[in-house]
Amino acid sequence: MEERLDLQLAGGRARALSVTALVRMVRETLEANLGDFWVVGEISNARLAPSNHFYFTLKDDRAAINVVMFHRAFQHVRFKPEDGMEVIVRGRVSVFEARGALQLYAEEIEPRGVGALQIAFDQLKKRLAAEGLFDQARKRPLPFLPRTIGIVTARHGAGLRDILTVLLGRFPNLHAIVRPAKVQGEGAASDIADAIADLNRDGRAEVLIVGRGGGSLEDLWAFNEEKVARAIFRSAIPVISAVGHEIDYTIADFVADARAPTPTAAAQMAVPSRAELKERVAAAGAALAAGVRREVSGARETLDDLAGRLRRPDGRLREMRLRAGRLALALAHAMRARGRGDALAAAHLRDRLIASGAASLAARRHHLAELAARLDSLSPLKVLERGYAAVINSRDGRAVLDAARVEVGDELDIRVKRGRLRARTIAREV
Amino acid sequence: MAAKVRKFEDELKDLESIVNQIDAGELSLEDSIAAFERGVALVKSLNQKLDEVERKVELLTRSAAGVLETEPFEPAADDKPRETKDNGDPPF
């Protein structure tokens with residue numbers, strides 16, 4: 001800013017400016033000459049006012065400036081700015097007129113260093129998404145009851161302890177294979193990727209849990225690296241990501257077949273509760289037995305019912321067979337009586353007649369079976385199932401279709417779905 | 001589905017639908033007896049599946065030569081860090 005500001009301050013006593021005019025002139029000059037910019041510094045004296053505006057001082061080793069970030073902008077900040085933090089701030093400079101104070105009005109704030117990581121994250125995410133690594137269609141369903149579970153996490157971390165506690169709590173006879181991996185710092189991404197590959201080579205696990213307990217964004221960074229993303233993508237075994245960071249997603253979360261917010265949640269996702277399943281199977285088994293007992297006693301009733309109705313046609317069959325036999329004999333007799341004496345022919349004829357009688361018997365029997373099947377399908381029990389009842393007048397044993405045919409005092413036999421009721425007619429309305 | 005072992009969740013679904021069918025009285029007696037027998041077999045198979053796996057926690061490591069090795073791992077006894085061939089990750 002080399003050019004001299006023309007503030008016309010040389011007007012002499014007579015033309016003295018008011019403080020307001022002076023400060024306004026300074027403000028307007030600043031605003032006219034300085035637009036938006038990014039500034040780097042360290043936070044000190046940070047405080048959140050009751051109005052939710054955020055105030056702090058941004059300084060480096062030689063200078064300082066007061067910064068205000070209004071709630072409107074501050075509500076979008078995803079981390080908590082704290083004293084001592086190196087940050088990069090975007091804003092404009094102006095003057096708070098009431099106190100003549102120079103201030104930086106901030107619109108954005110980012111922790112320094114992570115800002116660069118954030119950019120790397122966004123770029124990688126975009127690239128892998130374009131390659132289809134995050135496609136929903138690619139995600140595989142987790143096995144309902146995996147026999148063996150592979151775990152990739154820190155050897156001594158709380159994450160591993162949490163996972164094993166939950167896994168073994170839900171499914172005590174479980175087979176778990178732990179492939180310990182370095183989960184933060186130099187080489188962590190490679191180690192995690194190798195671990196996923198090793199478990200695939202081992203091949204026994206049916207689902208993998210890959211993750212770690214909570215930590216800062218930098219601590220979790222390995223799970224944002226391309227190596228890990230590609231290893232998860234290549235895994236033939238479905239992967240549950242379990243990076244302990246409930247709010248932010250890592251790249252690993254996007255690629256994984258399922259994402260759990262914590263290692264504990266991942267373990268819950270990986271195996272069902274054995275006790276619950278046992279209970280479900282036992283309940284189904286009990287219902288099965290009860291259902292069949294009911295069914296059998298119902299069927300026995302139906303059978304009794306059918307047997308009762310079938311007596312008559314059975315009798316008729318016997319009669320018919322007798323008649324056929326009698327006829328054959330009579331015929332043979334008649335033939336002999338006609339004097340031809342052809343006993344052989346008569347016997348032959350008789351045999352044929354008896355045979356045809358038997359054939360007719362077989363046909364009858366077949367018909368009977370058909371009848372039984374139809375009776376079954378027409379069985380009133382089917383209707384009774386739906387809550388209707390059958391009413392039989394005990395006096396004549398006939399179904400009551402017309403109240404006029406029932407006398408007051410008549411005993412009625414009422415069939416419902418299960419069992420019968422005996423009732424007496426108290427009144428009649430026709 | 002002949003050779004392949006059926007999945008637990010499929011069998012469980014079958015069992016529950018058999019129970020529903022019998023409960024709804026939709027089956028003939030012969031069918032419901034057959035369904036019952038199938039159901040009993042499913043209960044047996046499901047319980048077997050829940051019991052068959054043996055509790056085992058293993059540690060999988062890879063030697064410098066790239067050979068995978070497993071050793072038993074007892075998580076409870078292992079809370080304290082031991083001779084560390086790993087990277088001294090802080091306990092989170």
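Let's start with what covers the buried residues of helix H4 of chain A: the cover includes strand S6 (148–153), S7, strand S8 (207–212) and helix H8 (263–270) of chain A, together with S1 of chain B. Which residues of H4(A) are buried? They are A:Gly159, A:Leu160, A:Arg161, A:Asp162, A:Ile163, A:Leu164, A:Val166 and A:Leu167. A word on terms: a residue is buried if 20 or more other C-beta atoms lie within 10 Å of its own, exposed if 12 or fewer, and partly exposed in between, with C-beta atoms placed from the backbone. Helices (H or I, at least four residues) and strands (E, at least two) are DSSP runs, numbered from the N terminus.

Please keep in mind that this is a predicted model, where local features need pLDDT of at least 70 and side-chain atom pairs count only at pLDDT 80 or more, while totals for chains, interfaces and linings use all residues. Residues are numbered from 1 along each chain as its sequence is written, and chains are lettered from A and ligands numbered from 1 in the order in which they are written.

Now, S1 of chain B has turned up already, so let's follow it. Strand S7 (residues 175–180) of chain A runs parallel to S1(B), with four bridges joining them. Strands count as paired if DSSP finds at least two bridges between them. One place to look is A:His175, whose bridge partner in S1(B) is B:Lys56.

How many residues does each chain bring to the contact? Chain A brings 46 residues and chain B brings 43. Two residues are in contact if their C-beta atoms, placed from the backbone, lie within 7 Å. On the chain B side, the elements giving two or more residues are helix H1 (8–24), helix H2 (29–52), strand S1 (56–62) and strand S2 (68–72). H2(B) provides the largest share, 12 residues. By class, that side of chain B has 23 nonpolar, six polar and 14 charged residues. Here Ala, Val, Leu, Ile, Met, Phe, Trp, Tyr, Cys and Pro count as nonpolar, Asp, Glu, Lys and Arg as charged, and the others, Gly among them, as polar.

S1(A), residues 37–48, pairs with S2(A) in the antiparallel sense over five bridges, and A:Ile43 has A:Leu58 as its bridge partner in S2(A). S1(A) is also joined by six bridges to strand S4 (residues 86–96) of chain A, again antiparallel.

Two asparagines deserve a look. Most residues other than glycine have a negative phi. A:Asn45, in S1(A), has a positive phi of about 55°. Why does A:Asn45 count as partly exposed? Because it has 13 C-beta neighbours inside 10 Å. A:Asn52 sits in the loop between S1 and S2 of chain A, with a positive phi of about 70°, and its 12 C-beta neighbours inside 10 Å make it exposed.

Finally, find the open sheet of four strands in chain A, in the order S12-S11-S13-S14 with antiparallel pairing. Its edge strands are S12 (398–399) and S14 (420–424), each pairing on one side only. Inside it, A:Ile392 stands opposite A:Asp413 in S13(A).
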